[in-house]
Amino acid sequence: MDAFSDPQAVARYAENPPRMVPGYADLQRMAGLLLAERAPNDAQVLVVGAGGGLELKVFAEAQPGWSFVGVDPSAAMLDLARMTLGELSVRAHLHEGFIDSAPEGPFDGATCILTLHFIERQERLRTLQEVRRRLKRGAPFVTAHFSIPQGEIDLWMSRYAAFAISSGIERSQAEAARFGIAERLPILSPEDDEQLLRDAGFTGISFFYVGFAFRGWVAYA
C-alpha cells in the first residue's frame with residue numbers, strides 16, 4: 001500500500017520528518033526566510049507536495065499576510081494538512097493532484113520540500129518547468145530532497161538510517177526505510193539536480209542546506 005494513502009502512516013506522518021531529516025525544523029524556517037527575501041507582505045505562495053501541512057503551518061505563522069496554494073496527490077495527506085493548519089487553513093487553498101492541478105498563478109514564490117525525490121527524472125524536469133511557468137519573474141523557488149553524489153548511495157543511506165535510529169526510530173524500521181528508499185526512489189546527484197533547475201529555466205541557483213542524504217537549493221524564475 002502507498003504509505004501516503006495508509007491511514008496509520010498518514011496519522012504518524014508529522015512524527016517522522018523531524019526524526020529522519022537532519023535539521024528539519026530549521027530547513028522549514030530557512031525556506032520561509034529565503035521566500036521572504038523577495039516575496040511581498042501579501043504574497044501568494046505555491047507549495048508543491050503540500051500534504052501534511054507542516055511547512056504550510058511554519059510559513060503561515062511567520063507571515064500573517066501570505067496566502068497559499070498547495071498541491072498533493074494524496075487526499076488523505078491534504079486532509080491531514082487541513083488538520084495541521086487548523087484556523088490557518090482559511091489562508092490555504094489545497095488541490096488534489098500533481099503540478100498540473102495548480103492554478104496558473106503567477107505566484108510570488110514556491111517551495112517543493114521532500115517531494116522531488118519521488119519523481120522520475122524526465123517528469124521531475126517537467127514539474128520544475130511548470131513551477132517556473134507559474135512564478136512571477138524573479139520569484140524565489142526553494143526545494144530540498146534526497147540528493148546523493150554518484151556512487152555514494154550506500155554510504156549516505158547508511159548515515160540516514162543511523163540518524164533515524166539516534167532519533168528514536170526502531171532499528172528495523174530505519175533499515176527497512178534505508179533499503180526501500182535506495183531501491184525505489186530515483187535519487188539524483190547534486191550536480192544533476194542543479195542541472196535540472198537550469199534546464200527548467202531557473203537562474204541564481206544557490207545551495208543552502210545539507211543534512212546527510214538531503215540537500216536544498218534556492219533558485220529564481
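Among contacts in the protein between residues at least 6 apart in sequence, what percentage join residues at least 24 apart? In this predicted model, the share of such contacts that join residues at least 24 apart in sequence is 74%.

## Overall form

The protein contains nine helices and seven strands, and its C-alpha trace spans about 45 × 35 × 30 Å along the principal axes. Of the 221 residues, 52% are buried.

## Helices H3 and H4

Helix H3, made of residues 24-36, and helix H4, made of residues 54-62, have axes that come within 10 Å and cross at roughly 50°, so that the two helices are oblique to each other. The crossing in which H3 passes H4 is right-handed.

On the H3 side the contact involves Tyr 24, Gln 28, Arg 29, Ala 31, Gly 32 and Leu 35, which meet Leu 54, Glu 55, Val 58 and Phe 59 of H4. Sorted by class, the residues of this contact comprise six nonpolar, two polar and two charged.

## Helices H6 and H9

A further pair is formed by helix H6, residues 121-133, and helix H9, residues 190-199, whose axes come within 9 Å and cross at roughly 45°; H6 and H9 are therefore oblique to each other. Their crossing is right-handed.

H6 contributes Arg 121, Arg 124, Leu 125, Leu 128 and Gln 129 to the contact, while H9 contributes Asp 192, Asp 193, Leu 196, Leu 197 and Asp 199. The residues of this contact divide into four nonpolar, one polar and five charged.

## Backbone details in the loops

Most residues other than glycine have a negative phi, and most peptide bonds are trans. The peptide bond that joins Gly 105 and Pro 106 is cis, with an omega of about 5°, and Pro 106 lies in the loop between strand E3 (92-96) and strand E4 (109-113).

Leu 114, which is not a glycine, has a positive phi of about 60°; this residue is placed in the loop between E4 and H6, and Leu 114 counts as buried because its relative accessible area is 14%, under the cut-off of 20%. Phe 212, likewise a residue other than glycine, has a positive phi near 55° and is found in the loop between strand E6 (203-211) and strand E7 (214-220). With a relative accessibility of 37%, Phe 212 counts as partly exposed.

Notes: Residues numbered from 1 in each chain as written. Predicted model: local features only at pLDDT ≥ 70, side-chain atom pairs only at ≥ 80, totals over all residues. Heavy atoms only, no water. Axes fitted to C-alpha atoms, helices over the stretch in contact; angles between N-to-C directions. Helix = DSSP H or I, 4+ residues; strand = E, 2+ residues; numbered from the N terminus. Parallel < 35°, antiparallel > 145°, perpendicular 65-115°, else oblique. Left-handed = near helix turned anticlockwise from the far one by under 90°. Contact = heavy atoms within 4.5 Å. Nonpolar A, V, L, I, M, F, W, Y, C, P; charged D, E, K, R; others polar. Buried < 20%, exposed > 50% of the residue type's maximum accessible area, 1.4 Å probe, protein only.
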